[in-house]
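Here are a few friendly notes to read alongside the model. Take them one at a time, and keep the 3D view open as you go.

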Amino acid sequence: MLPTTQIKFIKYLYYFLFLLLLRIISHNIVENITKEELSILIPTYNFVCKRLVECIKRQADLIKESFPDSFRYEIIIAEDGSFDMDTIKENKAIESLENCKHIIYTVNEGRAVIRNKLARLSKFRWLLFIDSDMTVDNESFLLYYLKTSFDTVIDGGVKIKGDKHFLRNNLRFIYEKSAEHYHTAQMRRKTPYCHFHTANFMILREVMLKFPFDERFKNYGYEDILLGKTLNENSLKISHIENPVSFEVFESNERFVQKTEEGLNTLYYFRNELSGYSKLLDIANKIEKTGFKKIIVFVHKILRTTERKNIAGNKPSLLIFKLYKIGFYLSIN
């Protein structure tokens, strides 16, 4: 067995070679970047995103080394009413990093409002929005965005990661994994405006300011879909590319069920405006036309407690979750 000092030396050597390789790759790829001004905007709520910021900053700095006179960037993190003081303290350390800002808003005003605030605070031509609980594990992530010739709006997508054995009874993981094939760029391009999501997208600042998120969306869900509809109605193309961030932090089953119920209430409230842009809404409309709504609502009232206990419990069923969503939505009002 090798001595500890030798093992450390080998680790440091590999780390040095890895960084050297990244610099060589970066200098080769950066030659053709088409976007030279970038504001990276990260809204967060009780989540430590220092690791994400450091990863993005490292990539941005490598690009800046190749274009010291033209490439400019900033990273702005905004606490949207976070109340966990330990989390805020860890995120606050981001302020010490060059080109980074950390802003604290004491009141949670919702996903639409915080993103609009970040857009107004930004100063560069292109905006890159990333959710704070995402992970970037591709060292060319930023370069790929800057290289693409697509303009206006670019959706990079999401991939689902995590230990399948450890998360086998996590409802959010099970649900996202079952829909993973819909996350590919190829699938998203089939219905580009319905598959627009805010976890990872780039947009021209002038477009974002002209067509901001609808701030009536105070609760969870669907503000991104309505923005997709707005972009469609104004003939602004959304380009879907394969440049995903990784989704690997999953809330408890109870919390996910609560968020789902909140999202379904949002969908109901904005059902007229979201018509044609939500698969669940399309299914609900078809059920109402066939006259089966009363039967489904009646069955849901009888079984909802049992169903909810299952999906919020230790061994949730994906089928029961889907049935619960339909019953819950049809039972609103």
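## Notes on the model

1. Cys-100 is buried, with a relative accessible area of 9%. Keep in mind that this is a predicted model. Cys-100 takes part in no disulfide, and the nearest cysteine sulfur, which belongs to Cys-49, lies 10 Å away.

2. Now look at the partner in that distance. Cys-49 is buried too, at a relative accessible area of 1%. A disulfide is a covalent bond between the sulfur atoms of two cysteines. The cut-off for counting one here is a pair of sulfur atoms within 2.5 Å, whereas the sulfur of Cys-100, the nearest to that of Cys-49, is 10 Å away. By this rule the count of disulfides is zero.

3. Next, find helix H9, residues 223-233. The buried ones are Glu-223, Asp-224, Ile-225, Leu-226, Leu-227, Gly-228, Lys-229 and Leu-231. Notice that this list includes Glu-223, Asp-224 and Lys-229, residues that count as charged. Among the elements covering the buried residues are helix H4 (111-121), strand S6 (153-155), helix H8 (205-210) and strand S9.

4. Follow the chain past the end of H9. Ser-235 sits in the loop between H9 and strand S9 (238-240).

5. Another loop residue worth a look is Lys-315, between helix H12 (293-311) and helix H13. Lys-315 counts as exposed, at 67% relative accessibility. Leaving aside residues up to four places away in sequence, Lys-315 touches Asn-169 and Asn-310.

6. Two packed helices are described by the angle between their axes and the distance between the axes. The axes of H6 (residues 171-178) and H13 (residues 318-331) come within 10 Å and cross at roughly 90 degrees. H6 and H13 are therefore roughly perpendicular to each other. On the H6 side, the contact is made by Leu-171, Ile-174, Tyr-175 and Ser-178; on the H13 side, by Leu-318, Phe-321 and Lys-325. Sorted by class, this contact has five nonpolar residues, one polar and one charged.

7. H13 also packs with H11 (residues 279-290), at an angle of about 65 degrees and with the axes 11 Å apart. How are H11 and H13 oriented to each other? They are roughly perpendicular, and their crossing is right-handed. H11 contributes Leu-280, Leu-281, Ile-283, Ala-284, Ile-287 and Glu-288 to the contact, while H13 contributes Lys-325, Ile-326, Tyr-329 and Leu-330. By class, there are eight nonpolar residues, no polar ones and two charged ones. Do look for Lys-325 in the view: this residue belongs to the contact with H6 and to the contact with H11.

Methods
Residues numbered from 1 in each chain as written. Predicted model: local features only at pLDDT ≥ 70, side-chain atom pairs only at ≥ 80, totals over all residues. Heavy atoms only, no water. Axes fitted to C-alpha atoms, helices over the stretch in contact; angles between N-to-C directions. Helix = DSSP H or I, 4+ residues; strand = E, 2+ residues; numbered from the N terminus. Parallel < 35°, antiparallel > 145°, perpendicular 65-115°, else oblique. Contact = heavy atoms within 4.5 Å. Left-handed = near helix turned anticlockwise from the far one by under 90°. Buried < 20%, exposed > 50% of the residue type's maximum accessible area, 1.4 Å probe, protein only.
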